[in-house]
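Trainee: Please take one part of this model and go through it closely. I would like the cut-offs stated along the way.

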Amino acid sequence: MSDTKTFSMDELVALCKRRGFIYPASEIYGGLNGFWDYGPLGTELKNNIRDAWWHDMVRCPPMGPDGEPISIVGLDSSIVQNPRTWEASGHVEGFNDPMVDCRESKSRYRADHLMVIGGPDAEESRRLYAFIAGDEESRDRAIKALGKYEKTSAEDADWSERPLMSLAQECFPRIVGPDVKEAGTLTEPRQFNLMFKTFVGALQTEESAAYLRPETAQGIFLNFGNVVDTMRVKVPFGIAQVGKAFRNEVTPRNYIFRSREFEQMEIEWFCHESEAARWFDFWCDVRRNWWESMGLTSDSVQMRRHDSDELAHYAKDGCGTFDVEYRFPFTAPDYGELEGVAHRGDFDLRRHQEFSKKKLEYFDQPRNERYLPHVIEPSAGLSRGTLAILCEAFTPDEDRASKVYMKFQPRVAPIKAAVFPLVNKDGMPEVASKLHQDLRKRWPVQYDAKQSIGKRYARMDEAGCPWCFTVDSDTLTDQAVTVRDRDSLSQDRVAIDQVENWLAERLA
RNA sequence: GCGGGCGUAGCUCAAUGGUAGAGCGUCAGCCUUCCAAGCUGAAUGUUGGCGGUUCGAGUCCGCUCGCCCGCUCCA
């Protein structure tokens, strides 16, 4: 807790704009709520995180729990899939909530969570009282209010309860909301559709309606059979995918934390049901460690198990869900979700088998058993990860010219090194420019000869560039340059023909 | 979607209803032999957008777009 940072998101947002990390999307037209563009440095940063994940999970995944290598293959599926996909996955149903608002109490309710209670004549004329299903206190309040209104009690009257959704719209002016005293304050139920709808083909009819994927996972399940048939993989194994996903969030908030277009890095790990618990623990460990290896300190990362009442429809049974959470400035002292590791059981494959009528069972030769594998899903937010790493890197420092620097790990830093001539004359620019052109063949390296050396260091501090190489007058005789370290501000001398090796060692 | 707050240069912010400014950044020149983000100068705005009131609107009013906070939601 000692290094708890004190800075506001506004400062980070301003730096991200100023230094080309993140811009508001379509800004010259006034922007668009919930959409962001990545600038030159943000693009490099995000790509670096994505590539690190791909390298560490797909190309060189960690050893399995028994010390044996594990196998993960990659995939890149379409953003638009056959709409039946989302019926099978549960998104058409689950991403479509009818909501009612109360004009008086300003609260909002899931319409399918509300019940109404009424007296014998409520069908035609009398008042109905709404309450929240499953909430005893709410129900008691409604019964009490109804008793007062009807001047009778439940024992001697024929009261009936039924779902709000079963009532005709004409009844709504007679309904008293759960938190108010007068009737007619509830709006009609309105559909909140969290999926982006689009149309396939030039004719925009309901038959051609489709959706932009709300998660990348389903593309993996759809291709489970293809991968098994063509890639010589054996359960247990994983399929990984990075890509954009889209959700019409009710309230996009907190910069790129909850945006309507975002990027996910997902693994679906297929295993036998009897081994699901073991793999679940394995992936929780692997994924937490990975985020820490990316520079998020153990202090600001935590694992949190979902309570049973917040589990998604596919995770009701089994090992549940663990979130990897990061303490963002806007959630502190609480944490916000970075990744969810969920035991999805065989829900997805079973549903797709059912809806598509295609056999998705796997034949396990050693076990001599045919089954639908269980799935452990480590589903990480690339956009959220980028934000967490930006937050973690943001380091105020009153002692340096820039007053703040971005302490990126070299592995994710958008600019790996900068090359300067100490002064822009006396043969130094030529030598520095040559060094720059050699280095940029391997890494993103910038050349800067403008203004004073102090300004150039300050610029690179804000961009989070870990090392600056400076050519000075001695270079012309001793063939060495000064390397300045971003974090320690220390300076060392390195032979100019060893700079590439020097960097390669530190960027390995 | 509701309630509250806000919107002025790339960033941070000024400007009684009366000529739109400053600091920083950016760019140019100078200087600078390692923190000098120092010196000089330049560019930059339909004051988020549209409409209204007014002789005159950054300022007042309406609508709209966007941002922030709360509610709600969040596979």
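Mentor: Asp461 is buried, with a relative accessible area of 2%; buried means under 20% relative accessible area, exposed over 50% and partly exposed in between, with a 1.4 Å probe and protein chains only. This is a predicted model, in which local features need pLDDT of at least 70 and side-chain atom pairs count only at pLDDT 80 or more, while totals for chains, interfaces and linings use all residues. Residues are numbered from 1 along each chain as its sequence is written, and side-chain values use heavy atoms, with hydrogens and water left out.

Asp461 lies in helix 12 (residues 453–463); helices (H or I, at least four residues) and strands (E, at least two) are DSSP runs numbered from the N terminus. The residues that Asp461 touches, leaving aside those up to four places away in sequence, are Arg400, Ser402, Val404, Tyr405, Met406, Arg484 and Arg486, where contact means heavy atoms within 4.5 Å. With Arg484 there is a side-chain to side-chain polar contact at 2.8 Å. A polar contact is a pair of N or O atoms within 3.5 Å; within protein, one must be able to donate a hydrogen and the other to accept it, and residues adjacent in sequence count only if both atoms are side-chain atoms.

Next, the strands. Strand 26 (residues 480–485) runs antiparallel to strand 25, joined by four bridges, and Asp485 in strand 26 is the bridge partner of Trp467. Two strands pair if DSSP finds at least two bridges between them. Strand 23 (residues 417–421) is parallel to strand 25, with five bridges. Five of the five residues of strand 25 (residues 467–471) are buried, so this strand is largely enclosed by the rest of the structure.

How values were computed: Chains lettered and ligands numbered in written order.
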